[in-house]
Amino acid sequence: MTILEQCFARPPYSIPAAEREALLLGAFNELTAHHHAHCAPYARIVDGYWGGLRAADSLADLPYLPVSLFKMRRMLSVSDDDIRVTLTSSGTTGQAVSQILVDRESSMLQQKALANSLMHVLGPKRLPMLVIDTDAVFKDPRMMSARGAGVLGQMRFGRDHAFALTPDLRPDIDAVRDFLAKHGDAPFFMFGFTFMVWANLYEQFRDAGLDLSNGVLIHSGGWKKLVEKAVDNQVFRAALKDSFGLIRVHNFYGMVEQIGSIFMEGPDGLLYPPNFSDVIIRNPVTWELAPVGEPGVVQVLSLLPRSYPGHSLLTEDMGVIEAVDAGGDEWMGKGLRILGRVAKAELRGCSDVIAAEAA
Amino acid sequence: MEDRVFAQFADVLALDPLANRAELVYNEYPGWDSVAHMTLIAALETEFDCMLEMDDILDMSSFAKAVEIMQKYG
């Protein structure tokens, strides 16, 4: 079994930090060598900035690229003919977008990884699904964006889809009531971008007397717009519980540059990297490894990117590792809290496009 | 079985009845994108009165594969 297959064979967030480091190091060194051999721009960076190709002694010792590099140039480690999907980030108008080039193999691994992560919180069966968005987001080509792709990507994990919002983002109370009448008595799946869940589900439906106690909500996209409303994860969870009886709520953190690697919120409210991934926090002045509990810039590692050199990336997010191996059996590894964007980083995140429109 | 599966493909992807079935590959055949894939899954589930598992949906990367998967449910 390859290292990746070993990671997939176990519950998706279950490998403890020290064991994970030992298990993944060789595979990450192999990936660095693969990209060095097949992506000339990557090789130039490693040779010029990192002193050439060598085996890292620890995950923190691996070369990393700034995530913004994928906005500046096309980077791939396979032949152009093998590229099946080009993913782009959700930059707003005027901002450069990342281009992530994915071949068939990487695409299948991403899907598999995403499925493992979602099934971990949803269970093995596809549940009826209430999308906290409008179906225009993927039906109307003018709206097709990272948001539409995100909604579609999640929809395959549900069935009998209903949409809580009309195309102009008003609550579609009839659609929601119909859905709950049909499916509200057994577990069902809800997905939405964090900001929209707050502004378009909670704020609009909070007094509608909806019972969402059988729901499992998965949400992502960032908290930036909610910080202005003084809403953090704790406030968010408490509000959904009080208004709808909704208690199974999982935030996740991920980015298009490492698609398929979903940092899922565990029972302690921290974000856990999947088995084949890890997170490192760096001091923004020295770039040295920051100890547990000390905030810094988030670096993410994922074994999935093989068609482009994105296995080790310095993000534009600030974060802190608050605990290690502390989430219980099913939630091991480093528990991350995201603190916000690095100062001067451009506005970005899947729900920002709509945040601007909805504001 | 093959014809029942093909009828759903033909419906969702608006195929000619004589279309070359070997060319039907996900993300390559014109029109078979992620939106069509969801529609196709729903059509197959209705036709075979079943609920596909997650892995089957991910594995359904070609017409031949779809036929193989639907054997389990038909």
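In this predicted model, helix α5(A) comprises 19 residues and extends 26 Å from its first C-alpha to its last, close to the 27 Å expected at 1.5 Å a residue. The residue that follows α5(A) is A:G123, which has a positive phi, near 90°.

Helix α5(A) also takes part in the contact between the two chains, giving four residues, the largest share of the side of chain A that touches chain B. In total, the contact draws on 13 residues from chain A and eight residues from chain B. On the chain A side, the elements that give two or more residues are β2 (83-88), α5 (104-122) and α7 (146-155). By residue class, this side of chain A divides into seven nonpolar, one polar and five charged residues. For the complex, the predictor gives an ipTM of 0.72 and a pTM of 0.87.

Chain B contains four helices and zero strands, so that its elements run α-α-α-α from the N terminus on. Its C-alpha trace spans about 25 × 20 × 15 Å along the principal axes. The radius of gyration of chain B is 11 Å, which agrees with the value near 11 Å that a compact globule of 74 residues would have. Of the 74 residues of chain B, 23% count as buried. Among the contacts in chain B with a separation of 6 or more, 56% join residues 24 or more positions apart.

The mean pLDDT of chain B is 91, and 100% of its residues reach 70 or more. Among the elements of chain B, the lowest mean pLDDT, 86, belongs to helix α3 (residues 54-59), and the highest, 95, to helix α4 (residues 63-71).

Backbone angles in two loops of chain A were also examined. Most residues other than glycine have a negative phi. A:A230 is not a glycine, yet its phi is positive, at about 60°. This residue lies in the loop between α10 (224-227) and α11 (233-244) of chain A. A:A230 has 7 other C-beta atoms within 10 Å and is therefore exposed, the limit for this class being 12 or fewer.

A:W287, likewise not a glycine, has a positive phi of about 65°. The loop that holds A:W287 runs between β11 (277-282) and β12 (296-302) of chain A. With 13 other C-beta atoms within 10 Å, A:W287 is partly exposed.

Technical notes. Residues numbered from 1 in each chain as written. Chains lettered and ligands numbered in written order. Predicted model: local features only at pLDDT ≥ 70, side-chain atom pairs only at ≥ 80, totals over all residues. Contact = placed C-beta atoms within 7 Å. Nonpolar A, V, L, I, M, F, W, Y, C, P; charged D, E, K, R; others polar. Rg over C-alpha atoms; globule rule 2.2 N^0.38 Å. Buried ≥ 20, exposed ≤ 12 C-beta atoms within 10 Å, placed from the backbone. pLDDT = per-residue confidence, 0-100. Expected span 1.5 Å × (residues − 1).
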